[in-house]
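Trainee: Can we go through this protein together? I would like to start with a helix and then turn to a charged side chain.

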Amino acid sequence: MSIETIVIGAGPAGLTAAYHLSKHGHPVTVLEADPEYVGGISRTVAYKGFHFDIGGHRFFSKSERIEALWREILPDDFLERPRSSRIYYAGKFFAYPLKPFQALVSLGLFESVRCVLSYAWAQLNPVRNPRNFEEWVTNQFGARLYRIFFKTYTEKVWGMPCTEISADWAAQRIKGVSLVSAVLNALRPTRAEGPDAIKSLISTFRYPRKGPGMLWDACAARMQTMGGSLRLGRRVTALTRDETSGRWVVCHEGPDGTTEQLEADHVISSAPLREIAHSLTPRLPAAALEAADRLSYRDFLTVAVILRDRGTFHDNWIYVHDDTVKVGRIQNFKSWSPEMIPDPSLTCYGLEYFCFEGDGLWDSSDASLIERALIELEALGLAQRADHVDACVVRQKKAYPVYDDAYAANVQIIRDALSQTHAGLHLVGRNGMHKYNNQDHAMMTGLLVADNIIAGTAVHDPWRVNEDAEYHEEQRSSASVSFEVSTSGLRSVPRRAS
């Protein structure tokens, strides 16, 4: 069977590319390994009438092209939702983004004085030429605020000590901030939201009635209506480029182990770059394969706990800066959208645990993970065991590509090798490019690659998404923006200190 483009992966990048190609009359087939869901990490899982995200996905973009595409695909099903989140630390909740005065008051007089003195000491005795995240942040905020609002959560998310995370990364993500500048910024009038608003600081956001998967289900359906094809439960096992014809042969297998082959002029891949590198024929040079093996990923799992709703908290999510529990973040899916919960007397919390595939947490049984979640919810004062109704566990492999000290060099080695002998292979999305893109950035990479295929030439460079001013979600240098970004650990990716 001969078709023009094969897309590997039905996540935001892959489906956006397929949708755009189909809309312009280009034949396309999407191969997705998941037998049930589209949307990748942006899918919405259904369980006994409940719906929940794999992480939270707000819909707000600085790109009008992406905003227009969302409206086009799902014109009547977006809700306007209030944005609310907090940090949990030492039995107390702190507004997020952090409000310096409120944070110091909540910490209490004694601890606040210690934080201020710690900050003063850091200003008088800074670490010269800080090498790692801990040294850099301590210089900016003092040791005590670093330990309270930076260390625990960052290490939970990324699975490496802050002393191994590069100071260069901290300097990039926390631009020109000190405790003094953050306090001064808190006194300034709040700016109105608008097209130039920073995504992480918006007070409201749009959200599909039943989660982001609703958008991707609609995208897949419309893509097929326009002539595209979607094959679920198909895992790509080999990619071979015919050096004579220049066409690609894609081998894929189903759940029963049976294999099929498809041919195409172009392959768009959002599959993990490490896996794609090893599936190619002609084989990549040894140096490129070794570079692929050095790429690593952070995995995570969600324990969705259904409870009788006691109105314990109304945030979209809570960041847990407490090392007595392993949970890193807790979603309240009812606050994302009431329609995610079929019974108004119930609610559903998603406890997120960051881990590595194959470690003790990842390999725990569902029953033991649910038990851990119930124990930790009680310990945090967010639920009582007696209110537990049901629960389930969802594991997400390769949720976050890790930026260690050599990741960029390794990716470049692979890209250079691909450019020599594998024309027509296009990498998109978070895992396809080993690039920590948000959902709208991933979509943009898919759109730009599709534009190139339609034009028959490389009119765009998708690797500049989230780097070039034309596509980059600008991070302003104001203290409020930088301070908020730095405490999250999710909107930025650490590099290992050398």
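Mentor: This is a predicted model, where local features need pLDDT of at least 70, side-chain atom pairs count only at pLDDT 80 or more, and totals for chains, interfaces and linings use all residues. Residues are numbered from 1 along each chain as its sequence is written, and side-chain values use heavy atoms, with hydrogens and water left out.

Trainee: How far does helix H13 reach from its first C-alpha to its last?

Mentor: Helices (H or I, at least four residues) and strands (E, at least two) are DSSP runs, numbered from the N terminus. H13 covers residues 366-379, which is 14 residues. The expected span is 1.5 Å times one less than the number of residues. That gives 20 Å expected, and H13 comes close to it, at 20 Å.

Trainee: Which residues of H13 are buried?

Mentor: Buried means under 20% relative accessible area (1.4 Å probe, protein chains only). What covers them includes strands E15, E17, E18 and E19. The buried residues are Leu369, Ile370, Ala373, Leu374, Glu376 and Leu377.

Trainee: Which side chain of opposite charge is nearest to arginine 81?

Mentor: Arginine 81 sits in strand E5, residues 78-82. Lys and Arg count as positive, Asp and Glu as negative; His and the chain ends are not counted. A salt bridge needs a side-chain nitrogen of Lys or Arg within 4 Å of a carboxyl oxygen of Asp or Glu. Arginine 81 is buried without one, and the nearest opposite charge, 8.7 Å away, is glutamate 339.

Trainee: Which residue has its backbone oxygen 2.9 Å from a polar atom of the arginine 81 side chain?

Mentor: Contact means heavy atoms within 4.5 Å. Beyond its neighbours within four places in sequence, arginine 81 has contacts including Phe205, Tyr207 and Trp336. The backbone oxygen at 2.9 Å belongs to serine 335.

Methods:
Buried means under 20% relative accessible area, exposed over 50%, partly exposed in between (1.4 Å probe, protein chains only). A polar contact is a pair of N or O atoms within 3.5 Å; within protein, one must be able to donate a hydrogen and the other to accept it, and residues adjacent in sequence count only if both atoms are side-chain atoms.
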